[in-house]
Amino acid sequence: MKKLISIFTLVFTLCSIAFSSPAMAAEVANGAKIFSANCAACHAGGNNVIMANKNLKKEALAEYGMNSVAAITTQVTNGKNAMPAFGGRLSAAQIEDVASYVLAQSEKGW
């Protein structure tokens with residue numbers, strides 16, 4: 001019985017990984033397009049032309065509590081300080097794709 005449970009767990013885990021990876025890649029690819037069209041003017045290369053220290057680099061995202069898809073999604077949706085809100089311009093799915101892209105790029109070092 002333990003062996004059967006172990007096999008089931010392994011199969012479930014492998015299927016989860018196999019079927020979730022393409023979706024993540026698609027989200028990041030779509031996020032790259034949306035970022036290019038809406039965000040790159042101020043954030044090209046992960047920088048910030050308005051407030052240089054509040055860039056999209058891994059260290060800055062961590063410092064300001066923006067190192068999760070949820071936090072970035074909230075920021076993009078609602079805006080803050082000099083950053084405008086994109087909640088009225090982009091759909092929730094588009095904003096989540098941008099957040100996934102930003103987080104992935106920060107991990108790669110832009």
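Reader: Leaving aside neighbours within four places in sequence, which residues is Ile 72 in contact with?

Author: In this predicted model, the contacts of Ile 72 beyond those neighbours are with Met 66, Ala 99, Val 102 and Leu 103.

Reader: Which residues have the most contacts inside the largest nonpolar core?

Author: A nonpolar core is a set of buried nonpolar residues joined through their side-chain atoms. Here the largest one has 16 residues, and Phe 35, Ile 72, Val 98 and Val 102 have the most contacts inside it. At least two residues of this core come from each of helix H1 (2–38), helix H4 (69–78) and helix H5 (92–108). The greatest contribution is that of H5, with six residues.

Reader: How many helices and strands does the chain have?

Author: There are five helices and zero strands, so that the order from the N terminus reads α-α-α-α-α.

Reader: What share of the residues is buried?

Author: Of the 110 residues in the chain, 27% are buried. As for the accessible surface, it comes to about 7000 Å², and carbon and sulfur atoms hold 64% of it.

Reader: Is Ile 50 buried or exposed?

Author: A residue counts as exposed when its relative accessible area is over 50%. Ile 50 is exposed because its relative accessibility is 56%. Ile 50 lies in the loop between helix H2 (40–43) and helix H3 (58–63). Together with Val 49 and Met 51, Ile 50 forms a nonpolar surface patch with about 280 Å² of accessible area.

Note on methods. Residues are numbered from 1 along each chain as its sequence is written. This is a predicted model: local features need pLDDT of at least 70, side-chain atom pairs count only at pLDDT 80 or more; totals for chains, interfaces and linings use all residues. Side-chain values use heavy atoms; hydrogens and water are left out. Helices (H or I, at least four residues) and strands (E, at least two) are DSSP runs, numbered from the N terminus. Buried means under 20% relative accessible area, exposed over 50%, partly exposed in between (1.4 Å probe, protein chains only). Accessible areas come from the Shrake-Rupley method with a 1.4 Å probe; for residues, only the protein chains shown count as cover. Patches are made of residues with over 30% relative accessible area and no salt bridge: like charges are joined within 9 Å, nonpolar side chains (Val, Leu, Ile, Met, Phe, Trp, Tyr) within 5 Å. A salt bridge is a side-chain nitrogen of Lys or Arg within 4 Å of a carboxyl oxygen of Asp or Glu. A nonpolar core is a set of buried Ala, Val, Leu, Ile, Met, Phe, Trp, Tyr and Cys residues joined through side-chain atoms within 4.5 Å. Contact means heavy atoms within 4.5 Å.
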